[in-house]
Amino acid sequence: MKHTISLSLFLAALWWLLSGYPKPILLGLGVFSVAFTVWLANRMDVVDRESHPVHLSVQLLIFWARLFVEIVVSNLQVVAAILSPRRNPIQPHFLRVRSHQKTALGQVLLANSITLTPGTVTVSLAQGELLVHALTKSSGAGVVDGQLDAMIPADLEESAP
């Protein structure tokens with residue numbers, strides 16, 4: 001029940017943020033669309049601990065903030081490498097990195113986080129090992145030292161089938 005309530009509040013806040021119009025007809029349509037979406041999600045039985053992790057709300061906000069900082073820093077590094085008058089800053093290479101994440105959800109979150117940071121792309125993920133393409137040595141070093149791996153919330157659990 002707490003997942004349904006929190007999903008409703010999240011969808012209502014997101015709808016309000018994206019629309020921002022306080023007209024009665026739009027508010028009514030927003031209430032209807034949120035109620036219909038929550039009803040449909042409950043009917044499909046997809047509102048659970050994994051799909052809407054209320055227990056990780058604070059940890060995920062911290063993770064997103066830290067990931068945003070990593071994306072900005074990586075973006076600046078890539079821009080500096082591209083605009084550099086020397087040709088040697090760009091050294092594309094592949095890395096094999098072992099993930100410390102125990103769950104599939106944690107491993108996928110790590111792979112996607114690596115891909116979101118400019119200069120790195122996760123090419124494959126198999127049995128907890130990532131194949132990552134890095135544009136520069138510094139972007140590859142960030143993956144090898146496990147910065148992103150350590151940022152992922154430790155409480156990620158797969159829900160029981």
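Q: Contact means heavy atoms within 4.5 Å; which strands does helix 4 lie across?
A: Helix 4 (residues 104-116) lies across strand 2 and strand 3, at about 155 degrees to strand 2. Helices (H or I, at least four residues) and strands (E, at least two) are DSSP runs numbered from the N terminus. Axes are lines fitted to C-alpha atoms, for helices over the stretch in contact, with angles from 0 to 180 degrees between N-to-C directions. The model is predicted: local features need pLDDT of at least 70 and side-chain atom pairs pLDDT 80 or more, whereas totals for chains, interfaces and linings use all residues. Residues are numbered from 1 along each chain as its sequence is written, and side-chain values use heavy atoms, without hydrogens and water.

Q: And the sheet, in what order do the strands come?
A: The sheet is open, with three antiparallel strands ordered 1-3-2; pairing requires at least two DSSP bridges. Strand 1 (93-98) and strand 2 (120-126) each have a single partner strand, so one side of each lacks a neighbour in the sheet. The twist averages 25 degrees from one strand to the next.

Q: How many bridges join strand 2 to strand 3?
A: Six bridges link strand 2 with strand 3 (residues 129-134). Leu125 stands opposite Leu130 in strand 3.

Q: Turning to helix 1, which residues are buried?
A: In helix 1, His3, Thr4, Ser6, Leu7 and Leu11 are buried (under 20% relative accessible area; exposed is over 50%, partly exposed in between; 1.4 Å probe, protein chains only).

Q: What do they pack against?
A: The buried residues of helix 1 pack against helix 2 (24-43). On the other side of helix 1, Lys2, Leu9 and Leu17 are exposed.

Key
Contact means heavy atoms within 4.5 Å.
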